[in-house]
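Subject: Structure for you to look at

Hello,

Here is the structure I said I would pass on. Please open it and keep it beside this email while you read.

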Amino acid sequence: SDIALGTGVRGTELANRVRTRWPALKTLLMTGYASEVKDDDTEWPVIRKPFGRESLATAIDGLLT
């Protein structure tokens, strides 16, 4: 999920809701704003935009292994 979803729910809040309902579901957050989240501000992995296929594949692989 993107962290900045517009007005309303943030991606971190969505990730919390998802974890409550489906605890085994893996979550990857993304952001294009350097100041949006620091690496230690969230318990979920964060990939920074813009990213390429290889970076996305590496991030997803990290979730699944």
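This is a predicted model: local features need pLDDT of at least 70, side-chain atom pairs count only at pLDDT 80 or more; totals for chains, interfaces and linings use all residues.

Below is what was found in it, beginning with the whole chain and ending with single residues.

The mean pLDDT of the chain is 87, and 88% of the residues reach 70 or more. Among the parts of the chain, strand β2 (residues 46–48) has the lowest confidence, with a mean of 91, while helix α2 (residues 53–64) has the highest, at 96.

The chain holds 2 helices and 2 strands. Starting at the N terminus, their order is α-β-β-α. Of the 65 residues in the chain, 23% are buried. The chain exposes about 4,800 Å², and carbon and sulfur atoms supply 54% of that area. Among contacts with a separation of 6 or more, 39% are between residues 24 or more positions apart.

Next, helix α1, which spans residues 11–21. Which of its residues are buried? They are Gly 11, Ala 15 and Val 18. These residues cover an arc of only 65° around the axis, so they sit on the same side of α1. What do they pack against? The answer is β1 (29–31). On the face of α1 turned away from the buried side are the exposed residues Thr 20 and Arg 21.

Thr 27 is in the loop between α1 and β1. Thr 27 counts as buried because its relative accessibility is 15%, and the cut-off for buried is under 20%. Leaving aside residues up to four places away in sequence, Thr 27 touches Ala 15, Val 18, Trp 44, Pro 45 and Leu 63. Ala 15 and Val 18 are among the buried residues of α1 listed above.

The other one is Asp 2, in the segment before α1. Is Asp 2 buried or exposed? With a relative accessibility of 19%, Asp 2 counts as buried. The side chain of Asp 2 reaches the backbone nitrogen of Ala 4 at 3.3 Å. The Asp 2 side chain also makes a polar contact with the side chain of Lys 49, at 2.5 Å. Again leaving aside residues up to four places away in sequence, Asp 2 touches Gly 11, Met 30, Thr 31 and Lys 49. Gly 11 is one of the buried residues of α1.

A cis peptide bond joins Lys 49 and Pro 50, with omega at about -5°. In general, most peptide bonds are trans. Pro 50 itself is in the loop between β2 and α2.

Last, look at Leu 64, in helix α2. Leu 64 is exposed, because its relative accessible area is 63% and the cut-off for exposed is over 50%. How far apart are Leu 64 and Lys 26 in sequence and in space? They are 38 residues apart in sequence, and their C-alpha atoms are 7.7 Å apart in space.

Regards

Note on methods: Residues are numbered from 1 along each chain as its sequence is written. Side-chain values use heavy atoms; hydrogens and water are left out. Buried means under 20% relative accessible area, exposed over 50%, partly exposed in between (1.4 Å probe, protein chains only). Helices (H or I, at least four residues) and strands (E, at least two) are DSSP runs, numbered from the N terminus. The arc is that of the directions from the helix axis to the C-beta atoms. Contact means heavy atoms within 4.5 Å. pLDDT is the predictor's confidence in each residue, from 0 to 100. Accessible areas come from the Shrake-Rupley method with a 1.4 Å probe; for residues, only the protein chains shown count as cover. A polar contact is a pair of N or O atoms within 3.5 Å; within protein, one must be able to donate a hydrogen and the other to accept it, and residues adjacent in sequence count only if both atoms are side-chain atoms.
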